[in-house]
Amino acid sequence: MGYQLSAVVADAELLREQTAELDHAVLGELRQDFALLPVTPQLVVELTGSLPDFATDDRSVARPFGLVLSAALVEVLTRWSQSGPVAYLEAEFGGGVGYQSAAVWLGGALSWGPCFDDELDAPREQWPINGALIRLGVEPGTWIDPFAELGLHLERNTDGWLAHGRRRLSADYWDELVEQWENQ
């Protein structure tokens, strides 16, 4: 089973405030008062007024994202970051092959990244998504890394996160289901 992610992650209240008037914004609740905003073509159009552009070549350090971060989209993330750190995260895995990419904006400027890795052989805290989440302020907990600590492993793709958000599920929902099942 593959994994795909294209999302903005930030403090839940920051994202609620910034997306309150948007028709195509669906927030998925994460742990530690963070939220995930799945980035869909419809959302990009609503935010920028233009269709999204996608890279046709393989991801690399020079081209870390499948979604081309247009000047208009970067301007949105930059503006949002004036209220707190904002990360754009991207990952795609299937059959043991894939990549992670991430960037963080803070105080109206790009503050970290973009960072890209398609080998993931460094310590987990150095992986791009974990590095971005640490810079957002994710605290260590009982899970293996910041990615799992927030619950980013709970949905496998954008459609899953959209359903998660529309159903207003918490990241703890799945843990509660497991606990219920174990108690039966």
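Reader: Quick one to start: what share of the 184 residues in the chain is buried?
Author: Buried residues come to 46% of the 184 in the chain. Keep in mind that this is a predicted model.

Reader: Okay, and how does the radius of gyration compare with that of a compact globule?
Author: The two agree: for 184 residues a compact globule would have a radius near 16 Å, and the chain has 16 Å.

Reader: What box do the C-alpha atoms fill?
Author: Along the principal axes, the box is roughly 50 × 40 × 30 Å.

Reader: How many helices and strands am I looking at?
Author: There are seven helices and six strands. Going along the sequence, they follow the pattern β-α-β-β-α-α-β-β-β-α-α-α-α.

Reader: Switching to the surface. Which residues form the negative patch?
Author: That patch is made up of D11, E17, E29 and D33.

Reader: Where does D11 sit?
Author: D11 is part of strand β1, which covers residues 3-11.

Reader: And why does D11 count as partly exposed?
Author: Because its relative accessibility is 35%, and partly exposed runs between under 20% for buried and over 50% for exposed.

Reader: Now H164. Which helix is that in?
Author: H164 belongs to helix α6, residues 158-166.

Reader: Buried or exposed?
Author: H164 is buried, because its relative accessibility is 1% and the cut-off for buried is under 20%.

Key: Residues numbered from 1 in each chain as written. Predicted model: local features only at pLDDT ≥ 70, side-chain atom pairs only at ≥ 80, totals over all residues. Heavy atoms only, no water. Patch = residues over 30% accessible without salt bridge, like charges linked within 9 Å, V, L, I, M, F, W, Y side chains within 5 Å. Areas by Shrake-Rupley, 256 points an atom, 1.4 Å probe, with all protein chains shown as cover. Salt bridge = Lys/Arg side-chain N within 4 Å of Asp/Glu carboxyl O. Lys, Arg positive; Asp, Glu negative; His and termini not counted. Charge placed at Lys NZ, Arg CZ, Asp CG, Glu CD. Helix = DSSP H or I, 4+ residues; strand = E, 2+ residues; numbered from the N terminus. Buried < 20%, exposed > 50% of the residue type's maximum accessible area, 1.4 Å probe, protein only. Rg over C-alpha atoms; globule rule 2.2 N^0.38 Å.
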